[in-house]
Amino acid sequence: MQRVIDLDQAVIEITDRRRGWESAGLTVGPVSWRDEAASWPQRLETDRSRVGDPDSIGVRIAGLAETELCVVLFRGGWADVDFIVNMDDAGSLPAPDVASPQAFGNLLDRCVSRVFGSS
């Protein structure tokens, strides 16, 4: 997979927002890492030191009443974003190409705002 974005730098965007999200009452799970060099099926790791060739990171954010947002960023420059607010409001959110850690931070901000309100 082509390396468009430095995942270690992208994690900083999560870290920089974690305290604000938690202060707003959200629960932020640990960042998960997937190692492209690992044998199939690749395990998700929460310890960065166990991943030699990261190809994706993910984070799960949860709110009240089972509201949830899951964002997975791939080093190729795209993201998968899934959410559930309630039974009538769930699915995937559009995620334009992510070419920089700052663009990933902006994506996180838009998604958190959409799912949880202005947290």
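The sulfur of Cys 70 lies 11 Å from the closest cysteine sulfur, that of Cys 111, which is too far for a bond. A disulfide is taken here as a pair of cysteine sulfur atoms within 2.5 Å, and a search of the whole structure finds zero disulfides. In general terms, a disulfide is a covalent bond between the sulfur atoms of two cysteines. The model is a predicted one, in which local features need pLDDT of at least 70 and side-chain atom pairs count only at pLDDT 80 or more, while totals for chains, interfaces and linings use all residues. Residues are numbered from 1 along each chain as its sequence is written, and side-chain values use heavy atoms, with hydrogens and water left out.

The table lists relative accessibility, where buried means under 20% relative accessible area, exposed means over 50%, and partly exposed lies in between (1.4 Å probe, protein chains only).

| Residue | Relative accessibility | Class |
|---|---|---|
| Cys 70 | 26% | partly exposed |
| Cys 111 | 3% | buried |
| Phe 74 | 11% | buried |
| Trp 78 | 37% | partly exposed |
| Gly 63 | 22% | partly exposed |
| Gln 2 | 61% | exposed |

Turning to the aromatic rings, those of Phe, Tyr and Trp (its six-membered ring) pair if their centres lie within 6.5 Å, and planes under 30 degrees apart count as stacked, over 60 as edge-to-face and the rest as tilted. By this rule the count comes to one aromatic pair. It is formed by Phe 74 and Trp 78, which are stacked, with 5.2 Å from centre to centre and 20° between the planes. Another ring, that of Trp 33, has the charged end of Arg 48 sitting over it, 4.8 Å from the ring centre; the criterion is that NZ of Lys or CZ of Arg is within 6 Å of the ring centre and within 35 degrees of the ring normal.

Gln 2 lies in the segment before helix H1 (7-23), where helices (H or I, at least four residues) and strands (E, at least two) are DSSP runs numbered from the N terminus. Although Gln 2 and Phe 74 are 72 residues apart in sequence, their C-alpha atoms are 9.7 Å apart in space. Leaving aside neighbours within four places in sequence, Gln 2 is in contact (heavy atoms within 4.5 Å) with Arg 75 and Gly 76.

Gly 63 belongs to the loop between strand S4 (54-62) and strand S5 (68-74). Residues up to four places away in sequence not being counted, Gly 63 touches Leu 26 and Phe 116. The C-alpha atoms of Gly 63 and Phe 116 are separated by 7.1 Å, although the two residues are 53 residues apart along the chain.
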